[in-house]
Amino acid sequence: MKLRFSRLSLFGLGAALVAVLLSATAVLAQDSSDGTMPAIFAGGMILFFLIFAAAVYVYFALALSTIATKTNTENPWLAWIPIANIVLMLNIAKKPIWWIILFFIPIVSLVMAIIVWMAVAEARGKPNWWGILLIVPVVGLAVPGYLAWAD
């Protein structure tokens, strides 16, 4: 399954984002003595962040599912299940399953994620330093997509 966005759909997404931001500035510019406008603004911002988080989750799940398919790993649908996607990453990286325990330790999980993504990059035939790029804020979002959809 190939996911492609046309220029028109990207323009529509950009227009929707501009509309949300303009409405937020309009809400902030109004003076409200009863306190309902800040509550509406806070609710709108929470909704915006929830939609953004869902979009990032779908992106990572699609990328991980594609990586699993290209590396001939069993059960690529595990990418859509929250904790099972860690098991899928460990299978792609050919690491022991008991490492999943290490993903639940706060600081260790960051190191383990980098190690596992380095092994996933090697499984896809890419240099392992792509796994280290996960700690770079914006570039970290592009790494799974590159590993999934680059030739």
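## L147 and its surroundings

Leaving out residues up to four places away in sequence, L147 touches I67, W117, V120, A121, R124, K126 and W130. Contact here means heavy atoms within 4.5 Å. L147 is also one of the residues with the most contacts inside the largest nonpolar core, together with V116 and V120.

## Basis of the model

The structure is a predicted model, in which local features need pLDDT of at least 70 and side-chain atom pairs count only at pLDDT 80 or more, while totals for chains, interfaces and linings use all residues. Residues are numbered from 1 along each chain as its sequence is written, and side-chain values use heavy atoms, with hydrogens and water left out.

## Overall architecture

The protein contains 5 helices and 0 strands, and its elements run α-α-α-α-α from the N terminus. Helices (H or I, at least four residues) and strands (E, at least two) are DSSP runs, numbered from the N terminus.

Of the 151 residues in the protein, 29% are buried. Buried denotes under 20% relative accessible area, exposed over 50%, and partly exposed the range in between (1.4 Å probe, protein chains only). The accessible surface amounts to about 9900 Å², and carbon and sulfur atoms account for 74% of that surface. Accessible areas come from the Shrake-Rupley method with a 1.4 Å probe, and for residues only the protein chains shown count as cover. Among contacts between residues at least 6 apart in sequence, 42% join residues at least 24 apart.

The largest nonpolar core has 26 residues. Such a core is a set of buried Ala, Val, Leu, Ile, Met, Phe, Trp, Tyr and Cys residues joined through side-chain atoms within 4.5 Å. Helices α2, α3, α4 and α5 (139–149) each give two or more residues to this core, and α3 provides the largest share, 7 residues.

Helix α3 (84–93) is mostly covered, with 8 of its 10 residues buried. These are A84, N85, I86, L88, M89, L90, I92 and A93. The cover over the buried residues of α3 includes α2 and α4 (106–123).

T66 is placed in helix α2 and counts as buried because its relative accessibility is 16%. The side chain of T66 reaches the backbone oxygen of L62 at 2.8 Å. A polar contact is a pair of N or O atoms within 3.5 Å; within protein, one must be able to donate a hydrogen and the other to accept it, and residues adjacent in sequence count only if both atoms are side-chain atoms. Apart from neighbours within four places in sequence, T66 is in contact with A148 and W149.

T71 lies in the loop between α2 (36–70) and α3. Its side chain reaches the backbone oxygen of I67 at 2.9 Å, and a polar contact of 2.9 Å also joins the side chains of T71 and T73. With neighbours within four places in sequence set aside, T71 is in contact with I92, A123 and R124.

Most residues other than glycine have a negative phi. N72, which is not a glycine, has a positive phi of about 55 degrees. N72 lies in the loop between α2 and α3 and is exposed, with a relative accessible area of 69%.

The loop between α3 and α4 holds K94, which is exposed, with a relative accessible area of 71%.

G131 lies in the loop between α4 and α5. At 0% relative accessibility, G131 counts as buried. The C-alpha atoms of G131 and V116 are separated by 7.6 Å, although these residues are 15 residues apart along the chain. Leaving aside neighbours within four places in sequence, G131 is in contact with I114, W117 and M118.

On the surface, L110, W129, I132, I135, V136 and V139 form a nonpolar patch with about 530 Å² of accessible area together. Patches are made of residues with over 30% relative accessible area and no salt bridge, like charges being joined within 9 Å and nonpolar side chains (Val, Leu, Ile, Met, Phe, Trp, Tyr) within 5 Å. A salt bridge is a side-chain nitrogen of Lys or Arg within 4 Å of a carboxyl oxygen of Asp or Glu. Within this patch, L110 has its place in helix α4 and counts as exposed because its relative accessibility is 52%.
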